[in-house]
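Please look at the sequence and the 3D structure shown here. The paragraphs that follow go through the structure step by step.

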Amino acid sequence: MATTVPGTMPIPSRPTRNHPPGEVRTCDTTGLTVCTTADKFVRYHAVSAVVFLAVGGVGAILLALTRWPAVHLLSAEWYYRVLTLHGLNMLIFWILNFEIALLYFLPTALLGTRLYSKALAWVGLALMTVGALLVDYVILVGDADVLMTSYVPLLAHPLFYLGVIVFAVGALVGVGNFFGTLYIAKRDHTYEGSMPLVVFGATAAAIIAVVTLLHGAVTLIPTFLWSIGLMDAPDPGWYRITWWGLGHMSQQVNVCAMVGVWYFLGTLTTGAKPLSESVCRGAFVLYILFINVASAHHILVDPGVGASWKIWNTSYAMYLAVLASMIHGFTVPASVEVAMRKKGYNQGLFGWLINAPWGNPGFSGFFFSLVIFGFGGGITGVVLGTQQINIMAHNTLRIPGHFHVTVVGGTTLAFMAVTYYVVPLVFRKEFYARTLCKIQPWLFAIGITMVGIGMSFAGSYGVPRRTWDAEHAGAAFPVGIDPGAHVMLGLMGIGALIAFTALLLYVGLVVAAVFFGRSNEGTKMQAWHIERDLKESVKREFEHEAGDHHVPGTVVLVGVFLASFVVYYFANWKWLADVWWVR
Amino acid sequence: MSKTGAEKVSPIQKLMDNPWLLLVLGVVLPTISYTVWGWIELWNLPKALLP
């Protein structure tokens with residue numbers, strides 16, 4: 001029988017409430033009930049995700065070495081081909097595969113239920129795999145040099161659109177399986193009361209995924225029919241609005257999943273508990289209701305829609321989602337501070353942070369993800385989404401600068417961090433070369449931060465995005481770019497080399513552990529740092545909220561964040577004021 | 001907490017405990033605010049006059 005402590009999260013109930021015989025085990029490390037069927041599909045999707053990450057990563061370094069004018073590696077033809085490959089593999093195939101793995105793992109483990117349907121899991125996996133392989137094949141043979149956005153009237157081979165549709169349907173089947181799992185967990189009373197916060201975060205991600213994938217279908221099915229000659233070309237304005245319902249909303253799935261991973265890793269690495277369950281859940285609800293309208297950022301310079309639509313969707317409604325991010329940005333480090341102070345790390349403002357388990361890749365990856373996403377992605381996102389400022393930044397390298405710190409420095413780094421627990425807990429294999437594992441998140445964080453800064457400031461000098469040659473060599477009149485932009489593109493290139501090294505390290509370490517690692521079946525996973533019993537911390541996470549809210553260090557960090565935000569925001573307004581004379 | 005207190009659940013908490021209602025709201029709200037409103041704006045756009 002599940003039990004609930006007042007005002008808190010429930011404790012998962014007995015292991016075999018709805019599991020078929022032989023399809024359940026108890027985790028030796030966390031004590032959680034694990035559905036072995038879900039486990040299997042978590043493994044398949046995680047492996048698939050890492051394969052596509054490797055493909056997208058190779059694309060990333062080729063692109064960075066092309067956009068770095070001192071190297072300028074690829075030809076124009078291959079630049080656009082690889083840009084298409086990189087975008088789809090990184091933003092769609094890697095991340096959505098990993099998210100489906102999380103959507104299978106979190107409810108089954110934390111609600112103590114079985115996976116809803118093995119058949120649906122197979123169908124979803126097969127469709128996602130076939131769709132992604134089809135898309136990659138069509139791109140590599142040169143029949144889809146249309147970039148990830150595939151704006152009409154650019155036309156790719158029909159199999160390109162079909163592949164994306166098949167992949168999206170597969171992901172939708174996986175999301176449906178997640179909702180089915182929630183349904184049977186409730187029906188079979190495997191838990192009572194509210195679901196744990198991390199599962200609630202996954203639910204928010206799944207809801208946003210439904211909106212995303214429906215927009216994908218509405219956009220790409222007519223585009224596919226056009227590509228095979230059964231329809232006229234879709235209206236470009238209509239296509240752009242509707243496509244960004246897929247393109248940007250899919251990144252909001254990442255945000256929700258990433259925040260859920262932050263809470264999960266906070267618990268696993270420091271024993272942190274949310275300061276206020278209700279407030280954190282409320283923040284996820286704000287995401288569900290308002291974050292998706294942020295897609296309008298991409299349409300801010302389109303002439304077909306009016307100012308009311310633009311301002312409502314990028315300001316008034318959108319700021320409620322920004323509020324949610326700021327809530328998470330406060331509660332996540334604050335919960336870590338509370339947990340660390342309770343252990344006795346009370347020295348000064350930042351004793352808790354200095355003494356945090358930085359040698360644990362689960363912690364370092366999660367905390368760097370939080371800082372990079374908040375300081376880099378959050379601040380630039382709000383500023384770039386301001387209609388007046390956007391006119392200076394639209395289609396410059398500032399935009400990729402923003403989303404490389406949100407999606408890569410934020411989501412990808414958080415997913416890398418959680419992998420250091422997924423492999424020992426789900427695959428039940430131990431990592432080799434543990435010193436390299438500990439270094440990897442640091443290296444990736446440094447590299448991707450350099451990439452983000454380099455792109456953002458190069459964009460501020462006017463370097464366009466999606467352009468093979470920033471200097472426009474051979475143009476009818478000299479264009480050129482400022483020498484400062486060269487410095488920034490060099491910084492981006494060096495950062496990309498560092499981040500790519502860390503990515504290769506990650507892929508190599510995961511492959512070595514998954515296929516050749518020492519099994520830990522029957523024993524606890526090898527701890528990343530010597531401190532606590534994970535079983536105890538997971539149990540405590542389910543018991544009650546943190547009662548002590550003494551978090552002076554986090555308050556100072558938040559103050560630094562707000563000051564940075566104000567400076568960057570008003571610097572951009574000043575810059576805008578300097579662009580034209582307004583009389 | 002008393003039994004009565006434990007049974008009294010606020011409407012906001014009820015909303016947060018109902019993933020199906022959240023799913024409906026999460027699909028409908030952005031679809032109206034972003035997508036449908038955007039399409040309406042495009043459909044109401046007058047045709048450009050050729051010079």
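A:His486 touches A:Pro69 and A:Ile481, leaving aside residues up to four places away in sequence. The model is a predicted one. A:His486 belongs to helix H16 of chain A, which covers residues 483-516. Is A:His486 buried, partly exposed or exposed? A:His486 has 18 C-beta neighbours inside 10 Å and therefore counts as partly exposed, since a buried residue needs 20 or more and an exposed one has 12 or fewer. A:Leu505 is 19 residues from A:His486 along the chain, and the C-alpha atoms of the two are separated by 29 Å.

A:Arg518 lies in the loop between H16 and helix H17 (534-543) of chain A. With 11 other C-beta atoms within 10 Å, A:Arg518 is exposed. Leaving out residues up to four places away in sequence, A:Arg518 touches A:Lys429 and A:Glu430. A:Gly484 is 34 residues from A:Arg518 along the chain, and their C-alpha atoms are separated by 50 Å.

Another loop of chain A, between H14 and helix H15 (434-460), contains A:Arg428. The phi angle of A:Arg428 is near 55°, which is a positive value in a residue other than glycine. A:Arg428 counts as buried because 22 C-beta neighbours lie inside 10 Å. A positive phi is also found at A:Asn395, again a residue other than glycine, where the value is near 60°. A:Asn395 sits in the loop between helix H13 (387-393) and H14 of chain A. Because A:Asn395 has 14 C-beta neighbours inside 10 Å, A:Asn395 counts as partly exposed.

The peptide bond that joins A:Val152 and A:Pro153 is cis, with omega at about 15°.

Now turn to the packing of helices. Helix H12 of chain A spans residues 361-384 and bends by about 30° at A:Phe373. H12(A) is mostly covered, as 22 of its 24 residues are buried. How do H12(A) and H14(A) lie to each other? The axis of H12(A) and that of helix H14 (residues 398-427) of chain A come within 8 Å and cross at roughly 160°. H12(A) and H14(A) are therefore roughly antiparallel to each other, because angles over 145 degrees are counted that way. Their crossing is left-handed. The residues of the contact of H12(A) with H14(A) are 15 nonpolar, 12 polar and one charged.

H14(A) has another partner in helix H7 (residues 249-270) of chain A: the two axes come within 9 Å and cross at roughly 40°. H7(A) and H14(A) are therefore oblique to each other. The crossing of H7(A) and H14(A) is left-handed. Residues from H7(A) that meet H14(A) include A:Gln251, A:Asn254, A:Met258 and A:Trp262. On the H14(A) side, the residues include A:Val407, A:Gly410, A:Phe415 and A:Tyr421. The contact of H7(A) with H14(A) has 12 nonpolar residues, four polar and no charged.

A further pair is made up of helix H2 (residues 76-110) and helix H3 (residues 118-140) of chain A, which pack at an angle of about 170° with their axes 10 Å apart. H2(A) and H3(A) are therefore roughly antiparallel to each other. Among the residues of this contact are A:Arg81, A:Leu85 and A:Phe93 of H2(A), and A:Met128, A:Asp136 and A:Leu140 of H3(A). By class, the residues of the contact of H2(A) with H3(A) are nine nonpolar, three polar and two charged.

The last part concerns the other chain. Chain B has three helices and zero strands, and its elements run α-α-α from the N terminus on. Of the 51 residues in chain B, 18% are buried. Where the chains meet, 28 residues of chain A are in contact with 22 residues of chain B. Helix H5 (197-227), helix H6 (236-247), helix H8 (277-290) and helix H9 (307-316) of chain A each supply at least two residues of the side that touches chain B. H5(A) gives the most to this side, with six residues. The side of chain A that touches chain B has 16 nonpolar, 11 polar and one charged residues.

How values were computed:
Residues numbered from 1 in each chain as written. Chains lettered and ligands numbered in written order. Predicted model: local features only at pLDDT ≥ 70, side-chain atom pairs only at ≥ 80, totals over all residues. Contact = placed C-beta atoms within 7 Å. Helix = DSSP H or I, 4+ residues; strand = E, 2+ residues; numbered from the N terminus. Nonpolar A, V, L, I, M, F, W, Y, C, P; charged D, E, K, R; others polar. Bend = angle between axes of the 7 residues up to and from the residue. Axes fitted to C-alpha atoms, helices over the stretch in contact; angles between N-to-C directions. Parallel < 35°, antiparallel > 145°, perpendicular 65-115°, else oblique. Left-handed = near helix turned anticlockwise from the far one by under 90°.
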